[in-house]
Amino acid sequence: MKGRLFTSSTNDVIIRWVIMYSGEKPSASATSTTSTSYTKMTHDPKKRHDRVMLAAGALFCVIVGLGIGLIIGFLVDTSSSDSKPARPDKRAEFKRMVSASNIRETLRELTRKPHVAGTPADLETAEALKKKWLANGIDDVYLVPYKVLLQWPPDDENEANRAQIVDPDGTVVFQTALKSDDLGEEDLMQDGIPAPYTAYSATGNVTGDLVYVNYCTQEDIQNLTTNLLPDIDLTNKTFLCRHGGVGRSTKVLNAQNAGAAALLIYSDPEQYTVDTSLGLQYPDGPFMPPTAVQRGSIFTGVGDPLTPGYPSTEWGYRLNEEEAGLPKIPVHPINYGDAANLLRRMTGPQPPEEWRGTLEGVDYQVGPGFRGEDAGRSIRVVVNSYSEQRWAYNVIGFIHGEIEPDRYVIIGNHRDAWGLGAVDPTSGTACIIEISRVLGDMKKNGWRPRRSIVFGSWGAEEFGMIGSVEWTEEYYHLLSSRAVAYLNLDIAVAGNWVFRPSASPHISPVMREAMENVLEPNPSYPGETVFDSFLDKTNISLDVIEESYIIPKIGAGSDYYGFLYGVGVPCLSGFYYFDQEKYPVSFYSLYHTQYETFRLMDEFVDPGFVSHRVVSELFGDMLLNLAESEVIPVNVTHYMNRLLAYYSNGLNVTTYRTQIVDHGISLDGLHKSLVEFYYTTEHFQNKIVPSVDRNDPLAVRALNDKIMMLERAFLDRNGLPGQPNERHTIFATAKSQNVPYDTTFPGIADAIESIDEANPDAGWKEVEKQISILTYIIHGASSILKAGGNWTEVMHGNEI
């Protein structure tokens with residue numbers, strides 16, 4: 001509705017009702033908004049009271065009716081009628097307007113300078129993006145700052161982080177590279193690209209023996225202590241491991257727990273490069289050269305380390321750094337050329353075959369220490385990184401909705417990088433800017449979405465999803481009540497072979513529909529869609545796999561974390577990838593290295609930027625589908641199928657079910673809650689959704705509210721055992737490294753894995769508690785979807 005809420009005619013109605021039921025008659029001017037007179041009221045007090053009360057009641061009814069009318073007025077155009085045509089589908093128009101050349105030029109501009117979080121260049125990019133979005137036609141754009149703890153390597157090369165081989169008298173025999181080789185490339189010669197380091201490492205200068213620990217998993221360390229080095233105390237040794245197996249923060253945790261004094265991490269060519277017959281190393285190709293170093297954070301949490309669970313606003317309470325759970329040992333990344341130099345000198349037993357990479361001339365002896373002329377020498381690790389609280393900036397933009405402006409479909413990616421960041425994250429940033437340009441042009445031509453579209457550019461993601469987590473913490477209650485979905489576009493293009501999607505289960509049909517609507521950029525046949533290509537290249541048969549599992553579930557390693565796991569907002573994500581069978585490397589080869597340049601993308605990864613164009617089309621399709629559809633397009637039975645798999649398959653695969661039953665703990669309640677959820681989701685999807693009266697905006701609104709609240713229902717306000725800030729009872733990552741990924745319920749699994757053999761009874765009580773909590777959570781999810789008052793009914797134990 002536009003203009004005044006109460007018009008002259010509205011006042012006329014109220015006056016007439018009041019006069020009619022009070023026994024008065026209006027004078028000639030009684031309906032005027034400027035002059036009103038009344039005839040004399042009756043002198044009978046009782047009748048007068050009755051009439052006044054009746055008038056008051058009538059007035060109340062009128063006001064309530066007007067209030068409902070006003071609400072409807074905000075939901076629908078008051079001039080509409082039953083014959084009003086549906087809102088036009090703008091997705092085809094959007095796709096026609098996307099320009100690959102625009103995206104290319106945007107990426108070229110964004111990768112001219114490094115933009116590490118907390119630096120002046122990071123603020124420059126935030127301010128430039130704000131101006132760009134406003135120029136593109138976004139309604140409102142804001143810079144949202146958070147003061148957070150970050151860490152950088154020392155500026156003085158004399159203090160640079162390094163590893164050294166030293167003689168007993170301290171003489172340096174060998175030293176790892178203090179900075180990365182620029183390979184003669186001008187873009188890599190500029191200041192601002194950080195020297196090799198891992199964020200949040202402890203500082204220190206430690207000297208001792210070197211031990212090779214493969215991937216530094218718990219199993220690797222156990223293999224060392226029981227088989228390879230049973231008589232060696234690993235305490236105060238420096239560990240050397242390669243990327244892979246587990247995340248870098250988990251490697252650090254495992255090394256600390258094993259008593260290591262320091263940890264060195266490198267990228268072995270077995271996981272990060274290929275034979276020259278398949279591809280060349282940078283600068284001649286897209287694969288990792290021996291001078292490349294992978295940077296990254298080793299903080300085990302998310303968000304600002306000093307404000308867990310709450311936003312890091314200027315006035316926020318902060319922990320001391322000693323309380324924040326930061327790493328306690330120095331950790332330093334090195335290139336694989338330097339790693340080979342260390343490993344060639346090592347002594348000790350030969351490891352099993354699976355411990356051996358493909359470093360030339362290296363047999364991967366595990367140590368401890370060195371052999372030959374290096375016998376008696378030690379490894380020294382020096383880390384002088386410095387930590388400070390600095391401002392990280394989110395940029396938030398709005399296109400306000402026309403009918404439901406208080407419902408938000410959010411799209412975002414992080415802006416900070418470990419250098420130039422042409423792949424991670426700037427390929428995604430370039431696509432989001434193009435999406436904003438197209439939507440802005442559509443808006444200038446008269447279009448406005450049904451629901452509001454929110455753009456988010458997150459700061460300091462590389463340090464632990466800080467910007468997005470802080471924003472979702474600060475606006476938790478608002479997002480919990482208003483956010484429809486979050487689309488995450490971190491990396492847009494890491495290859496040009498196949499699109500890799502992921503999504504929350506019930507919103508995955510939005511992803512599939514977009515993939516069916518967009519043509520594959522490098523088709524095998526005319527008319528091949530992104531979805532056709534995905535099925536073919538991932539060997540998925542629609543005749544074999546259940547529909548709920550076609551689109552993989554979303555993970556936890558990017559900015560969707562705060563939305564899905566913190567607030568309970570369903571999420572979608574995806575990016576173009578290379579042929580991993582042909583090029584068997586871990587993720588993309590130059591991940592988090594200094595060599596993520598514009599030239600890498602332009603010449604090797606996505607020449608012509610056709611994959612960027614298609615990613616923009618896909619995300620634009622999903623964005624418009626979610627922002628414009630009258631009923632939010634989901635299939636809640638997909639969620640039910642995931643839960644049933646976790647229960648029927650996951651508990652059995654892990655042997656957890658047998659252990660539970662052997663200890664006399666009943667699963668009957670959990671079984672009943674799953675049966676209830678099965679029937680509830682089937683009824684909701686197949687009966688309630690199709691039968692909603694689409695001419696009744698309040699009925700549609702109520703239905704959409706149920707859909708929005710489903711994901712929220714799976715959050716436990718008290719958190720999971722040992723992880724109070726991990727609240728998603730279905731998809732949170734288990735704390736124990738023994739729990740297989742994406743197999744079963746994390747609360748139950750962690751409770752079983754953490755049972756203390758010295759006090760098993762208490763442990764099994766916790767298992768029983770977690771089963772009870774999960775039963776309550778799933779029953780609560782069913783209640784969200786039920787109609788009328790039957791949400792309060794007792795669960796029934798019918799079989800599926």
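Glu 546 sits in the loop between α14 (530–537) and α15 (560–567). Helices (H or I, at least four residues) and strands (E, at least two) are DSSP runs, numbered from the N terminus. This is a predicted model: local features need pLDDT of at least 70, side-chain atom pairs count only at pLDDT 80 or more, and totals for chains, interfaces and linings use all residues. Residues are numbered from 1 along each chain as its sequence is written, and side-chain values use heavy atoms, with hydrogens and water left out.

- Glu 546 has a relative accessible area of 37%, so it is partly exposed. Buried means under 20% relative accessible area, exposed means over 50%, and partly exposed is in between (1.4 Å probe, protein chains only).
- Glu 546 and His 638 lie 92 residues apart in sequence, yet their C-alpha atoms are 9.4 Å apart in space.

**The chain as a whole**
- The chain holds 23 helices and 17 strands.
- Of its 800 residues, 55% are buried.
- Among contacts with a separation of 6 or more, 78% join residues 24 or more positions apart. Contact means heavy atoms within 4.5 Å.

**The four-stranded sheet**
- Four strands form an open sheet in the order β3-β2-β11-β5, with antiparallel pairing. Two strands pair if DSSP finds at least two bridges between them.
- The edges are β3 (172–175) and β5 (204–208); each has a single partner strand, so one side of each is left without a neighbour in the sheet.
- Neighbouring strands of this sheet are turned by 20 degrees against each other on average, direction ignored. Axes are lines fitted to C-alpha atoms, for helices over the stretch in contact, and angles run from 0 to 180 degrees between N-to-C directions.
- Strand β2 (residues 162–166) runs antiparallel to β3 and is joined to it by three bridges. Gln 164 stands opposite Gln 175 in β3.
- The hairpin of β2 and β3 has five residues between the strands, and there Gly 170 takes a positive phi near 95 degrees.
- Five bridges join β2 to strand β11 (residues 378–383), again an antiparallel pair. Ile 165 has Ile 379 in β11 as its bridge partner.
- Five of the five residues of β2 are buried, so β2 is largely enclosed by the rest of the structure.
- From β2, Arg 162, Gln 164 and Val 166 point one way, while Ala 163 and Ile 165 point the other. In a regular strand the side chains alternate between the two faces of the sheet.

**The seven-stranded sheet**
- A seven-stranded open sheet has the order β1-β12-β14-β13-β15-β17-β16, with mixed pairing.
- Its edge strands, β1 (140–152) and β16 (498–503), each pair on one side only.
- From one strand to the next, the twist averages 20 degrees.
- Strands β13 (residues 404–414) and β15 (residues 483–488) run parallel and are joined by five bridges. In β15, Ala 483 is the bridge partner of Tyr 408.
- Helix α10 (residues 426–444) lies across β12 (386–399), β13 and β14 (451–458), at about 150 degrees to β13.
- Helix α11 (residues 466–474) also packs on the sheet, touching β1, β12, β13 and β14, with its direction at about 120 degrees to that of β1.

**Where α4 meets α17**
- The axes of helix α4 (residues 100–110) and helix α17 (residues 610–628) come within 8 Å and cross at roughly 105 degrees.
- The two helices, α4 and α17, are therefore roughly perpendicular. That term covers 65 to 115 degrees; under 35 counts as roughly parallel, over 145 as roughly antiparallel, and the rest as oblique.
- Ala 100, Ile 103 and Leu 107 in α4 meet His 612, Arg 613 and Ser 616 in α17.
- Ser 616 counts as buried, at 0% relative accessibility.
- Beyond its neighbours within four places in sequence, Ser 616 is in contact with Phe 94, Val 98, Ile 103, Cys 431 and Ile 435.

**Thr 681 in α20**
- Thr 681 lies in helix α20 (residues 668–691). It is buried, with a relative accessible area of 0%.
- Not counting residues up to four places away in sequence, Thr 681 touches Val 636, Thr 637, Met 640 and Leu 785.
- Thr 681 and Asn 635 are 46 residues apart in sequence and 8.7 Å apart in space, C-alpha to C-alpha.
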